Amino acid sequence: QVQLVESGGGLVQPGESLRLSCAASGIIFNIYVMGWYRQAPGKQRELVATITSGFRTNYVDSVKGRFTISRDNVKDTVYLQMNSLKPDDTGVYYCNAVRRTLHGSDEYWGQGTQVTVSS
């Protein structure tokens, strides 16, 4: 059974930092592209950052220079270090794992963790 379990969300003030973690089980972690998505109230879920099995990273423009995605292929965990947080970063953050297969793709989601940035 595949599980992606996020942790580390919370309520912080603008300018502060949070570190999200996502622990994976039930998959061969190091062959998956791992990502973080977020969904703000009333908005569609959007991609925040991804990291490939070869450690290549990609970020949405709004978080470049503030967020860092990383992965530990020994602990089967992906992280999102979020610095200089802004109110617009508020939302539910979801962990994602995806890989291509011969017939399409395998994709899994975590349950989400709430991040609220407010003074």
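Begin with the disulfide, a pair of cysteine sulfur atoms within 2.5 Å, of which the structure holds one. This is a predicted model, in which local features need pLDDT of at least 70 and side-chain atom pairs count only at pLDDT 80 or more, while totals for chains, interfaces and linings use all residues. Residues are numbered from 1 along each chain as its sequence is written, and side-chain values use heavy atoms, with hydrogens and water left out.

Select Cys 22 and Cys 95, whose sulfur atoms are 2.1 Å apart, and look along the S-S bond, where the angle of -80° makes the link left-handed. Cys 22 belongs to strand 3 (residues 18-25) and Cys 95 to strand 9 (residues 91-101), so the pair ties together parts that are 73 residues apart in sequence. Strands here are DSSP runs of E with at least two residues, and they are numbered from the N terminus. Both Cys 22 and Cys 95 are buried, a word that means under 20% relative accessible area, with exposed being over 50% and partly exposed in between (1.4 Å probe, protein chains only).

Next, follow strand 9 into strand 10 (residues 104-109), which runs antiparallel to strand 9 and is joined to it by six bridges; two strands pair if DSSP finds at least two bridges between them.

Now move to Thr 113 in strand 11 (residues 113-117). Is Thr 113 buried or exposed? Thr 113 is buried, because its relative accessible area is 11%. Leaving aside residues up to four places away in sequence, Thr 113 touches several residues, among them Glu 6, Leu 20 and Tyr 93, where contact means heavy atoms within 4.5 Å. Gly 9 is also one of the residues touched, and its backbone nitrogen lies 3.3 Å from a polar atom of the Thr 113 side chain.

Finish with two loops. Most residues other than glycine have a negative phi. Select Phe 55, in the loop between strand 5 (46-51) and strand 6 (57-59), which has a positive phi of about 70° although it is not a glycine; Phe 55 counts as partly exposed because its relative accessibility is 46%. Then select Asp 76, in the loop between strand 7 (67-72) and strand 8 (77-82), where phi is positive at about 55° although the residue is not a glycine. Asp 76 has 23% relative accessibility, so it counts as partly exposed.

Terms used. Helices (H or I, at least four residues) and strands (E, at least two) are DSSP runs, numbered from the N terminus. A polar contact is a pair of N or O atoms within 3.5 Å; within protein, one must be able to donate a hydrogen and the other to accept it, and residues adjacent in sequence count only if both atoms are side-chain atoms.
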